[in-house]
Amino acid sequence: MAVTLAAVGALAVSGMSAAAVQAAADEPAASMLASCDDRLFGWASVSANGVATTTGGGNAAPQTVTSLSDLRRYANDSTPRVLRISGTISTGSAAVEVGSNKTLIGADANATIRGGININGGSNIIIRNLNVQGGGQGSSPADTIAARGAHHLWFDHLNLWDASDGLLDLTRGVDYMTVSWVKFWYTNSSHSHRLASLVGGGSNHGDTDSGKLNATYHHNWFADLVDQRGPRMLFGKGHVYNSYYNSPGNAYAIGTGSYASVLVENNYFKDIRDPHRFQDSNPTYITARGNVYDNTSGRRDTGSQGSGVTPFTNPPYSYSLDAANDVPGIVSACAGPRLSGTMPPPTTAPPTTAPPTTAPPTTAPPTTAPPPTGACSASYQTTSSWPGGFQGEVVVRAGSAAINGWTVRWTLSGGQSISQLWNGNLSTSGTSVTVRNVDYNGALPAGGTTTFGFLGSGSPSSPSLTCSSP
């Protein structure tokens, strides 16, 4: 379903600085109408960890919120909710905490949160159609939006500016995320941390981030005075497409490192430095195709840095690409708050055109095909490898009936050991490995799946897995 672009005057927010007002005035004139896509695409639409797709508060009756006390009260309780933010709410130095199964959506294009939003654990959360203004350098909270340890997150049609540190920082094992139609910008050129979006807390966070941090960024606008991190991506599989980069004087746009594999597709880079580059010394991989580089300089790194990272070229979801030359007009017309604030739960209808045809990744297919019947099955693939180590991934699939708990077993090959595992509880006895579900991914519907992964030492192999359910 499409929505009609609101008049640009609706973006004006009381209390904006002169620079902010000018930035709003530079947006397309009100007479320029467009259909702005409001559907969910990307990693947040992928079924995993017991969540079929990201719906937030779903069909809960919308509640209009106008005060900080009500926002804090309802945003972090245990009830699925759709909260319509109306007017301007200031959070002070403490961000608003948001829990599972919540939708926060601006009632109109003026809806504003001054301060910050924080997601700490949980799942199935949508933040849409809001202006979120930080306090600038040295203020608290540090990030306008921060998420840690959560999964299935959708950040959509937002206007984010003037964070103290990062505008949208996604760290500590977050996963299955989509960032769409967001405008990132700053107003103070002397601010030393003009950072857009971080995916992963750092190269030393493999204990929480390996096998996670899968994120899609599409139709975003990295605008005035954004210096870097559009995004900076570590460990996960990233897809950045149809975004507009126009921030002269920047340091770099997209940065990858620490075992991340990123597909950079049909974006428009204008008047910037280093459109995409390797950001640290660890292995990483960039695939770039269909982009436009308009008066850019510096690095356009592609291919592999180091070894052991598989190219990410075939996303596990449907999406539709706009021509790169059309991106500046489309994104500048539709990024930011443009929705009515009364949108139904998001749809994931197939796009009107097929996604691009790409060669399958070089990773071998799972060694064990899931059977149509039985309590559960498990299939394994090696997702990356390096001298003396490898990363593996196991998909658990329920059979013809729903299950409530699962156990996967296999035997390690000679010289192998497991140093780290996520999304499961690990126990070993000699070469025998047993992985049981954790509390959030044990219940699977008939045919439903969940995934766990691990880091191993030694050489990768093709283990024979068994799966059982209580």
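1. A word on terms before we start: a residue is called buried when its relative accessible area is under 20%. Please also keep in mind that this is a predicted model.

2. Let's begin with helix α4, which spans residues 327–334. The buried residues in α4 are V327, P328, V331, S332, A333 and C334. Because six of the eight residues of the helix are buried, α4 is largely enclosed by the rest of the structure. After α4 comes G336, which has a positive phi, near 95°.

3. Next, the aromatic rings. Searching the whole structure turns up 18 aromatic pairs. One of them joins F390 and F454 in an edge-to-face arrangement, with 6.0 Å from centre to centre and 85° between the planes. This pair links distant parts of the chain: F390 belongs to strand β32 (residues 389–398) and F454 to strand β39 (residues 449–457), 64 residues apart. Both F390 and F454 are buried.

4. A second pair worth a look is W406 with F452. Their ring centres are 5.7 Å apart and their planes are at 10°, so this pair is stacked. W406 sits in the loop between β33 (403–404) and β34 (407–411), while F452 is in strand β39, so the pair ties together parts that are 46 residues apart in sequence. W406 and F452 are both buried.

5. Which rings does K183 lie over? One is W185, where K183 is over the face of the ring at 5.0 Å from its centre. Another is W221, with the charged end of K183 over the ring and 4.4 Å from its centre.

6. My last stop is D280, in the loop between β27 (276–278) and β28 (284–289). D280 is buried yet has no salt bridge. What is the nearest side chain of opposite charge? That is R232, 4.2 Å away.

7. D280 does have polar partners. Its side chain makes a polar contact of 3.0 Å with the side chain of S203, and the D280 side chain also reaches the backbone nitrogen of N282 at 3.0 Å. Leaving aside residues up to four places away in sequence, D280 touches S203, R232, L234, T256, G257, S258 and Q305.

Terms used
Residues numbered from 1 in each chain as written. Predicted model: local features only at pLDDT ≥ 70, side-chain atom pairs only at ≥ 80, totals over all residues. Heavy atoms only, no water. Phe/Tyr/Trp six-rings, centres within 6.5 Å; stacked < 30°, edge-to-face > 60°. Helix = DSSP H or I, 4+ residues; strand = E, 2+ residues; numbered from the N terminus. Buried < 20%, exposed > 50% of the residue type's maximum accessible area, 1.4 Å probe, protein only. Lys NZ or Arg CZ within 6 Å of the ring centre and 35° of its normal. Lys, Arg positive; Asp, Glu negative; His and termini not counted. Salt bridge = Lys/Arg side-chain N within 4 Å of Asp/Glu carboxyl O. Polar contact = N/O pair within 3.5 Å; in protein donor to acceptor, adjacent residues only side chain to side chain. Contact = heavy atoms within 4.5 Å.
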